[in-house]
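Subject: Structure handover

Hello,

Here is the structure for you to look over. My notes on it follow below.

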Amino acid sequence: MSLIIKNGRVLNPPTNTDEILDIKIDGNIISAVEAEIVPVSFDEVIDAKGCYVMPGLIDMHVHFRDPGQTAKEDIETGSRAAARGGVTTVLAMPNTKPVVDNPELVKYVHEKGEKAGLTRVLQVGSVTKGMEGKELSDLQGMIDAGIPAISEDGKSVMDSGLYREAMKIVAKAGVPVLAHCEDINLVQGGVMNMGSRSENLGEKGISNAVENIIEVRDIMLSEETGATLHLCHCSTKESYDIIKEAKARGVKVSGEVCPHHFTLTEDDIIPGDGNYKMNPPVRTKEDREALRRGLAEGVFEVISTDHAPHTAEEKSKGFASPFGIVGLETSASLTYTELVLSGLITPLTMAAYMSSNPARILGRSDLGNIAPGKAADITIFDPTISYEIHAADFVGKSKNMPYEGRKVQGKVLKTIYGGNVVYDSEAN
Ligand SMILES: [Zn+2]
């Protein structure tokens, strides 16, 4: 018995394909992609007429809070949120309690992810032990246990010497570094973008330099060590120039933008609402426009969510609450509405930024590609459906996000992971 997806508009960046095609899946592998595949008895058929059929989305940046903070999220609920968002592979950041700095914890998360069976959960290893910035984690042990990348996400490794040592080790293994760029000494208690808005609200600000300084340093270190560098959640207008210039020099660098940074500005902040507190913060209109231009031009080539669940109680404390918002269940719709509908990027580029580019950066040739022999991970997205975002509809454990009631267009209809339909919007 095969699963056949018929009549969909297949968007497959690796082959530059944007046409109506049928797809055949056998087991957990794509077995054929052809103009017409005729089902035989017992084959299961999904009619994707009018829909985009994309390689399963890959979110390079999520927080599943397991181990240690499962009141916010756990691997099962996070996986469910991923499936509902069309995401078939996630990279879980290591700033859990305890920090994932050893192979045993990597295996613990991978096993739990496999048990949930709703998305491919890949655990990122921390750069330093306990994320204390003093001593390297067991990088080789974690590489052997299958980490897709290393990251100190949540902060930066401020000791450049130590960071360079880590980069040398992972460069040899071809494992990328996911860099959260934040100069700890420059933050000085900031909770939102530094400028007139923070002054008006009487809140401490985070300047663009906090991010830019570390981005430049990390690019220099990547250049020196040959490590593949991926800059997380770029938020400043300067990051456009910094990355563009580094790429022109041949540095192996890529940049990601989160939906909130290309959607919102500091002017959208509702005073006292913790759902507008994230790190890096939403910034000025000028910054947002530079990010959108960078996405349109391909300077930034990845869209990821920084899905950061927190309980309602934690988030009730306004700008004294922890940083972060959830994003897995809204990212495809926000990307389509803000970037594709506005003509900034094509549907094919959306598939590239949300799937095949992450696969390429991670060196996963089995993912992000709708072709025979590749993993049967597929996202079916209906670009015609309009709806309002409501946290009450979320299946993830936490509901912290600033889009309540926002109208969007485009919706994930079905998510196929490993050949199985793991989410079906019509079944609920
Ligand atoms: Zn971060």
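Start with Pro67, which is found in the loop between β6 and α1 (75-84). Helices and strands here are DSSP runs, numbered from the N terminus (helices are H or I with at least four residues, strands are E with at least two). The peptide bond from Asp66 to Pro67 is cis, with omega near 15°.

On the ground rules: this is a predicted model, where local features need pLDDT of at least 70 and side-chain atom pairs count only at pLDDT 80 or more, while totals for chains, interfaces and linings use all residues. Residues are numbered from 1 along each chain as its sequence is written, and side-chain values use heavy atoms, with hydrogens and water left out.

Backbone points

The loop between β6 and α1 also holds Arg65. Its phi is near 65°, a positive value in a residue other than glycine. Arg65 is buried, at a relative accessible area of 7%. (Buried means under 20% relative accessible area, exposed over 50%, and partly exposed in between, with a 1.4 Å probe and protein chains only.)

Phe42 has a positive phi too, near 80°. Phe42 sits in the loop between β3 (29-34) and β4 (44-47). At 73% relative accessibility, Phe42 counts as exposed.

Another cis peptide bond runs from Asn279 to Pro280, with omega near -5°. Pro280 is placed in the loop between α9 (259-263) and α10 (285-297).

Zinc site

The protein donors of the zinc ion are Asp153 (OD), His180 (ND1) and His233 (NE2), at 2.0 to 2.2 Å from it. Along the chain, the donors follow the spacing D-x26-H-x52-H. Asp153 lies in the loop between β9 (150-151) and α4 (160-173), and His180 in the loop between β10 (177-179) and α5 (184-187), so the pair ties together parts that are 27 residues apart in sequence. Asp153 counts as buried at 2% relative accessibility. His180 counts as buried at 6%. Donors are N, O and S atoms within 2.8 Å of the metal (3.2 Å for Na, K and Ca); water is not among the atoms, so sites may look incomplete.

Sheets

Two strands count as paired if DSSP finds at least two bridges between them.

Strand β13 (residues 229-231) runs parallel to β14 and is joined to it by three bridges. Leu229 stands opposite Val253 in β14. Two bridges join β14 (residues 253-257) to β15, again parallel. There, Glu256 has Val302 as its bridge partner in β15. Five of the five residues of β14 are buried, so this strand is largely enclosed by the rest of the structure. Val253, Gly255 and Val257 point one way from β14, and Ser254 and Glu256 the other way.

Another open sheet has three strands in the order β6-β7-β8, with parallel pairing. β6 (57-62) and β8 (120-123) are the edge strands, each with a single partner, so one side of each is left without a neighbour in the sheet. Strand β7 (residues 87-92) pairs with β8 over four bridges. Val90 has Val121 as its bridge partner in β8.

There is antiparallel pairing as well. Strand β5 (residues 52-55) pairs that way with strand β16 (residues 378-388) over four bridges. Tyr52 stands opposite Phe381 in β16. Eight bridges join β16 to strand β17 (residues 407-417), also antiparallel. Glu388 has Lys407 as its bridge partner in β17.

Pocket and cavities

Both come from a 1 Å grid over the protein atoms alone: a cavity is a set of points where a 1.4 Å probe fits but cannot get out, a pocket is an open set with protein on both sides within 12 Å along at least five of seven lines, and lining residues have an atom within 4 Å of a point. Grid points are joined across faces, edges and corners, and a volume is the space filled by probe spheres set on the points.

The largest pocket holds about 380 Å³ of space. It is lined by 21 residues, of which Arg65, Asn95, Gly154, His310 and Phe323 lie nearest its centre.

The whole structure has six cavities of 30 Å³ or more. The largest cavity has a volume of about 100 Å³. α12 (331-340) gives the most to its lining, with three residues.

Best wishes
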